[in-house]
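Q: Could you pick one part of this model and take me through it closely? I'd like to hear what surrounds it, then how some other parts of the chain compare.

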Amino acid sequence: MSGEALAEKLKNLPLEDQFQAEYVWLDGNFHPRSKGRTLNLRDFGAAPHKAPASAFPEWNYDGSSTGQAEGHFSEVIIKPCAVYRDPFRGGNNVLVLCDTYWPDGTPHPTNTRHHCQKVMEAAKDLEPWFGVEQEYFLMKISDARPLGFPEGGYPAPQGPYYCGAGAECAFGRDIAEAHWRACLYAGIKVSGINGEVAPGQWEFQVGPCVGIEEGDSLWMARYILIRVAEAFNVMVNLEPKPVEGDWNGSGCHTNFSTKPMREDGGYKKYILPVMEKLKAKHKEHIIAYGKGNEKRLTGKHETASIDSFLYGTGNRGASVRIGNQTAKDGKGYFEDRRPAANMDPYIVTMLLVSTCCDIPYTAPGVLQNGEK
């Protein structure tokens, strides 16, 4: 029996009274990390993934190894905040999303979820809805270039790859499909996927989600994507512009609405006035919308310039696009096209609600220090 076959056999051995929980959190560079623990099934019932996050014990890790603490004071506490079925282990096993705290209970400076949650709680009566379009590149380990890029050369120009089919233009479909199915199994609202404009570039959409659910769902979907790609010996790249030249960058377009926007008359009464609010805080948002975004927001490749704010109906070259159907119906949502693929959804959703709904926020340490 091969090592791989043995590993697969052992992973599928039944567990009667226990289950495995993979705790997932964000490190100092906002990359997912995880470690697993064994829990007793009798403490959670027949379906642990249906138990509230508060039922799961807190844990800790060495923050000096994740860029979040110094060696003499390295313990960081992780508190469960969302639970999902584990698509890798199956059965009763779960993925547990956590946020981070110091031992005295104060939020870690990289804990952007804590600040987002406060804004979402203040806005709950407005029922903020989100739908995020996560673009990404799948990169080869051998040369750190996208799938579909020949070693030492370039593929055919952009054109046939967007929503394309065929071995000559769809690179990495097995990974994108496996990730989609894994997310649905986990309980994440992935509403669809598609091949994107450049070779090796894909997109998945998460939503509609309400409030903090969007940030939780997108971060766990990213973690699952990284794990799926790992099995194929492929890297996931969320940089805004990983390939220089006449190739599209990667964004994380964020669709947003509140209950008043979705009601009759919401287009003129709420959506259009919000455009002026977003314009007034354009710089504040841009600073928080992803590192390296200036390489992507150039006014080319379906983007607006990073230096100006432009909104329009059906305009994919705008900072914010209002759908034609929204204008026609007089109600609906808008799409903020500025966020980069590497944006933190807790920050982006928090800022959209804060700006559009006039709800103040307390800046996480990463914003105060200008690191995001």
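**A close look at Arg321**

A: The side chains of Arg321 and Glu335 are joined by a polar contact of 2.7 Å (a pair of N or O atoms within 3.5 Å; within protein, one must be able to donate a hydrogen and the other to accept it, and residues adjacent in sequence count only if both atoms are side-chain atoms). Keep in mind that this is a predicted model, where local features need pLDDT of at least 70 and side-chain atom pairs count only at pLDDT 80 or more, while totals for chains, interfaces and linings use all residues. Residues are numbered from 1 along each chain as its sequence is written, and side-chain values use heavy atoms, with hydrogens and water left out.

Arg321 sits in strand β12, residues 320-322 (strands, E, at least two residues, and helices, H or I, at least four, are DSSP runs numbered from the N terminus). With a relative accessible area of 12%, Arg321 counts as buried (buried is under 20%, exposed over 50%, partly exposed in between, using a 1.4 Å probe and protein chains only). Leaving out neighbours within four places in sequence, Arg321 is in contact with Gly312, Gly314, Asn315, Arg316, Phe334, Glu335 and Arg337 (contact means heavy atoms within 4.5 Å).

One of those partners, Phe334, leads us to the largest nonpolar core, which has 70 residues; Phe334, Ile188 and Ile224 touch the most other members (such a core is a set of buried Ala, Val, Leu, Ile, Met, Phe, Trp, Tyr and Cys residues joined through side-chain atoms within 4.5 Å). Another core, of 18 residues, lies apart from it, with Trp25, Ala51, Ile78 and Cys98 among them.

For contrast, look at His72, in the loop between β3 (59-62) and β4 (75-85). His72 is exposed, at a relative accessible area of 69%. Its C-alpha atom is 35 Å from that of Thr349, 277 residues apart along the chain.

Gly266, Tyr267, Ile271, Val274, Met275 and Leu278 are buried in α6. They cover an arc of only 115° around the axis, so they lie on the same side of α6 (the arc is that of the directions from the helix axis to the C-beta atoms). Lys268, Lys269 and Ala280 are exposed on the other side of α6.
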